[in-house]
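This report describes the packing and local backbone features of a protein complex. The sequence and the structure come first.

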Amino acid sequence: MMMFTLERRPAPSRLWSLAAPLLALALAVVLSAVLFAALGHPPLRALYVYFVEPLSSMWSLEELAVKATPLLLIGAGLALAYRANVWNIGAEGQLIMGAIAGSAIPILWPGWNDPLAMVAMLLLGMAGGAAWAAIPAFLKNRFNTNEILTSLMLVYVAGLFLDWLVRGPWRDPMGFNFPKSVAFEGWHVLPVLSGRVHVGFVLAGVAVIVLWLMLSHMRFGFAVRVQGVSPRAARFSGFSAASITMHVMLFSGALAGLAGIGEVAGVIGHLQPSISPGYGFAAIIVAVLGRLSPWGVLFAAFLLALTYLGGEAAQLALGMPAKVAQALQGMLLFLILGADVLVHYRIVRRGAKREGTA
Amino acid sequence: MRTTLKITIAAAAIAGIATTAQAEEKLKVGFIYVGPIGDHGWSYQHDQGRLAIEKALGDKVQTSYLEKVPEGADAERALERLARSGHKLIFATSFGYMDSVIKVAKRHPDVKFEHATGYKRAKNVSTYSARFYEGRYIIGKIAAKVSKKGMAGYIASFPIPEVVRGINAFMLGAQSVNPQFKIKVVWVNSWYDPGKEADAAKVLIAQGADILTQHTDSAAPMQVAEEKGIKAFGQASDMIKFGPKAQLTAVIDDWAPYYVSRTRAVLDGTWKSEDTWGGLAAGMVKMAPYTNMPEDVKKMAQETEEAIRSGKLHPFTGPIYDQDGKLRAKKGEVLSDKVLLGMNWYVKGIDDKLPK
Amino acid sequence: MSGLEAFLLTVIAASTPLLLAALGELVVERAGVLNLGVEGMMATGAVIAFAVALATGSPLLGVLAGALAGAAVALPFVFLTQVLAANQVASGLALALFGLGLSGLIGEGFVGQPGVRLERLHIPGLSDIPFIGPVLFGHDVLVYLSFFMTAAVAWFLFRTRAGLILRAVGTNHTAAHALGHPVRLVRTLAILFGGVMAGLAGAYLSVSYTPQWVEDMTAGRGWIALALVVFATWRPLRVLAGAYLFGAVWILGLHAQAAGYGLPPQFLSALPYLATIAALVLISRNRTLTLTNTPAMIGQPFMPER
């Protein structure tokens, strides 16, 4: 039945590592057009609204950067962890804990309002996220507990903790008992670069560069890569597996925490029960789509941000319900993940198999 | 053709629109919803209000919506998008949009904003909410009449003032009939999870409640009541289809009259920033037909509804004691809107402890 | 009806969807695949089951359709992870997104309509015995199926040759491949089975638990099912125990609240997750126990090198 088969390439294909995402996009465009047409929307206009319009105005580009900021920060952290085969899928919880820790300053010590306070908020945010990520790392190292599951469970715990805080002790006393904290003011709000783009965006850029430096120039990055390929060999790189696990978790947790305080102090302006529409999970997709590389993460974060904005634009311009955008997003991800296989494998015809390997 | 034109001109004249150019340009009205319109609850009812605008004002307006807009960073972008795409009247239908509305409104002084259930206003930002507690007072009275065991089960979402106020109004209504009436409260910590709501309903029945009321969105508790052969009150919409033998009545959110009148005000140029908190009298709260109850109870319910509508009766009229026995309103005194808006205490007679 | 009886009935209703979905995922993970898309498959199963039950008037047909729909929506995941060897975590998350969106789209016209309820069995004589009757003999078919499947999955995994092969594939796919076992076929079948079970869990929600359709009505149960599988160290009987423990803790919490103890509801909601972490730690401390039960290949793609 199957006329074609996949065959591993001796080395990842340079050509396909660039061409695969393009192919996936092309396929996605065709499939979305079919979907749009099936739902009764003019396909060309829908495509324009979905993929192009968000890129056509300054305002929208700024919003793209705002949306990409947390994805980029978290994605960069996760890329490092995944390189080491440490599957932190609880970044959403680390984001929440970072936001909580960083918000302690404006909520508990509102009087301390100077540039230093802002720096302290960012550092606390990173510390909060890192501390939350340290739990699964510790449990893995100490008890051999699967980090995929512990980190995921901790997401819910963090979310409920935040919920309890803003409905209880951290509720704005002047806010008619509604579940939100006091509004952040002055230096408790991150400085803005343009539109709503705040310094978090710059920090996200820094994170990507740090990731790149680590992976390509530092001994630790090398150890991480070795551990990912062969856990046994990692021992010879001078870092124990436990130490690598802990450090990559701390790194990814800190960046997720930074993303959290960035959202709260950068764009929302107060603490509330829901602060992230699942950036921690979306960033997993970003890291994987980006093939765990710094530049790939950069590309993937913007691409994913675009699908959010495009989906919203399509809702408005075409009256397309949000669930279509959601289903489309899932489909797009399927395609890109699928096309990526061409980087490592090539398609050969069954009959021609022998010549191929010879 | 000519008659249509005449009618249009007449309508325009009545509506006070100065130039025909303006009359031809449709007013774009935008909505953002926190849930999917498929929740058959809060967001669904708001969307019914949007459809009512289209129905009432026809080709003078064009409406659009964004659903599932998370409260937070995304809300501000969604509002900004609506404002930038030519919407001149925007309804933000969840409390958590408050700060985003204020920020975006500042940037778009020519756009009118309407924020549901919030308390921050500006020159171009109005707030509105509905006095659902009026309906809850009525169902409290009905519950005390109909319940044989003298105990109702209350499925609650989150301990915010809106919900606490509803519980208190229900209890005051019930106590006016039966001072010994009891309620049991379960917080499911969700607005919307049919499974959890059904579980809570079953638990409450097991603990002796023979009447259910809810401040969550789904019709699941009504289905449980129907199955167990007890009575229940619908929430947000008429849930009679889910409990033909169980539903006594339902407290219905009806945003249509408000939405249509506000849209009309923008068309007329009479829109002003206001705080609207309307109840039965304004038509924002409606009672579903009183069913499955004896005639005398029905009559009592109708009279209570009429008394509240005419302003003769205010559910929060003193003497009102709180749970700890503290006097909150003297005899004859009516609790102010400010107190009602921030309500975080239970009235006397509620055994539950309010989660803090 | 006694208090205990009502309590047990409520727990059974709350635990059944978790049990069904977790059993499916257990088989998937035993074969070495991690499918995080349970929530999406469950939602699709729920909406299709609701729609078919409504259209045909037969809840059983609805359940069947829901099961098939759960498997059908898993097909892209099969293609990606088995044919193209794509990353399972990301593909699973994409499946969750896709399934939730798709179910919302299909269900648009069904919002606000009461569904058709799956009838409870009534065995004359047995069902009428006080207490024992309703607790043991008064449920719908899906509840019994969930128990039957627990036994069937346990029997299949540990007592049949096919089960042995499936576990071998999950423990070491290279070795299994060398022995001539069709690794990808085994995994494909396991994923489809997982889809069927998630679809059944969804069907239970929309035709039995709460016979109605509202968007996102799965409300995170797919994720709890994922936790359960690990909580149970990939053993079917422990999945059963875990599902009932989760259900019981949750319902007990509601009872505590209704009785007037002012527990913060957030704490209550967090309990199952904290319990899972605690169980994970307890189990993982014992290395031999973990090693004999954990499918070592979980999450790792397999592509035959020929």
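What follows treats one chain as a whole, then its contacts with two other chains, then some single residues.

**Chain C as a whole**

The model is predicted. Chain C has 14 helices and 0 strands, and from the N terminus on its elements run α-α-α-α-α-α-α-α-α-α-α-α-α-α. The C-alpha trace of chain C spans about 65 × 45 × 40 Å along its principal axes. For 306 residues a compact globule would have a radius of gyration near 19 Å, and the 19 Å of chain C agrees with that. Of the 306 residues in chain C, 60% are buried. Among the contacts in chain C with a separation of 6 or more, 78% are between residues 24 or more positions apart.

**Two helix pairs**

Two packed helices are described by the angle between their axes and the distance between the axes. One pair lies within chain C, and the other joins chain A to chain C.

| Helix pair | Axis distance | Angle | Crossing |
|---|---|---|---|
| Helix 1 (residues 3-30) of chain C and helix 7 (residues 141-159) of chain C | within 9 Å | roughly 25° | left-handed |
| Helix 6 (residues 147-167) of chain A and helix 13 of chain C | 9 Å | about 155° | left-handed |

Helix 1 of chain C and helix 7 of chain C cross at roughly 25°, and the two are therefore roughly parallel to each other. On the side of helix 1 of chain C, the contact is made by Ile12(C), Thr16(C), Leu19(C), Leu20(C), Leu23(C), Leu26(C), Val27(C) and Arg30(C). These meet Leu142(C), Val143(C), Ser146(C), Met149(C), Thr150(C), Val153(C) and Leu157(C) in helix 7 of chain C. By class, the residues of this contact between helix 1 of chain C and helix 7 of chain C are 11 nonpolar, 3 polar and 1 charged.

Helix 6 of chain A and helix 13 of chain C pack at about 155°, and they are therefore roughly antiparallel to each other. From helix 6 of chain A, the contact takes Leu149(A), Thr150(A), Met153(A), Tyr156(A), Val157(A), Leu160(A), Asp163(A) and Trp164(A). From helix 13 of chain C, it takes Gln266(C), Ser269(C), Ala270(C), Tyr273(C), Leu274(C), Thr276(C), Ile277(C) and Leu280(C). The residues of this contact of helix 6 of chain A with helix 13 of chain C divide into 11 nonpolar, 4 polar and 1 charged.

In the contact between chain C and chain A, 37 residues of chain C meet 34 residues of chain A. On the side of chain C, two or more residues each come from helix 4 (75-83), helix 5 (88-107), helix 11 (221-231), helix 13 (265-285) and helix 14 (287-293) of chain C. Helix 5 of chain C gives the most to this side, with 13 residues. By class, the side of chain C that touches chain A has 25 nonpolar, 9 polar and 3 charged residues.

The contact of chain B with chain C takes 30 residues from chain B and 33 residues from chain C. On the side of chain B, strand 7 (182-187), helix 8 (194-206) and helix 9 (220-228) of chain B each give two or more residues. Helix 8 of chain B gives the most, with 9 residues. The side of chain B that touches chain C divides into 14 nonpolar, 7 polar and 9 charged residues.

**Single residues**

Asn189(B) lies in the loop between strand 7 and helix 8 of chain B. Asn189(B) is not a glycine, yet its phi is positive, at about 60°. Because a residue is buried if 20 or more other C-beta atoms lie within 10 Å of its own, Asn189(B), with 24 C-beta neighbours inside 10 Å, counts as buried.

Asp216(C) also has a positive phi, of about 55°, although it is not a glycine. Its place is the loop between helix 10 (183-209) and helix 11 of chain C. With 21 C-beta neighbours inside 10 Å, Asp216(C) counts as buried.

The peptide bond from Gly318(B) to Pro319(B) is cis, with omega near 5°. Pro319(B) is in the loop between helix 11 (295-310) and strand 13 (320-321) of chain B.

Ala325(A) belongs to helix 13 (residues 322-339) of chain A. With 23 C-beta neighbours inside 10 Å, Ala325(A) counts as buried. Apart from neighbours within four places in sequence, Ala325(A) is in contact with Gly311(A), Ala314(A), Gln315(A) and Met320(A). The C-alpha atoms of Ala325(A) and Leu309(A) are separated by 9.7 Å, and the two residues are 16 residues apart along the chain.

Definitions and conventions: Residues numbered from 1 in each chain as written. Chains lettered and ligands numbered in written order. Predicted model: local features only at pLDDT ≥ 70, side-chain atom pairs only at ≥ 80, totals over all residues. Axes fitted to C-alpha atoms, helices over the stretch in contact; angles between N-to-C directions. Helix = DSSP H or I, 4+ residues; strand = E, 2+ residues; numbered from the N terminus. Parallel < 35°, antiparallel > 145°, perpendicular 65-115°, else oblique. Left-handed = near helix turned anticlockwise from the far one by under 90°. Contact = placed C-beta atoms within 7 Å. Nonpolar A, V, L, I, M, F, W, Y, C, P; charged D, E, K, R; others polar. Rg over C-alpha atoms; globule rule 2.2 N^0.38 Å. Buried ≥ 20, exposed ≤ 12 C-beta atoms within 10 Å, placed from the backbone.
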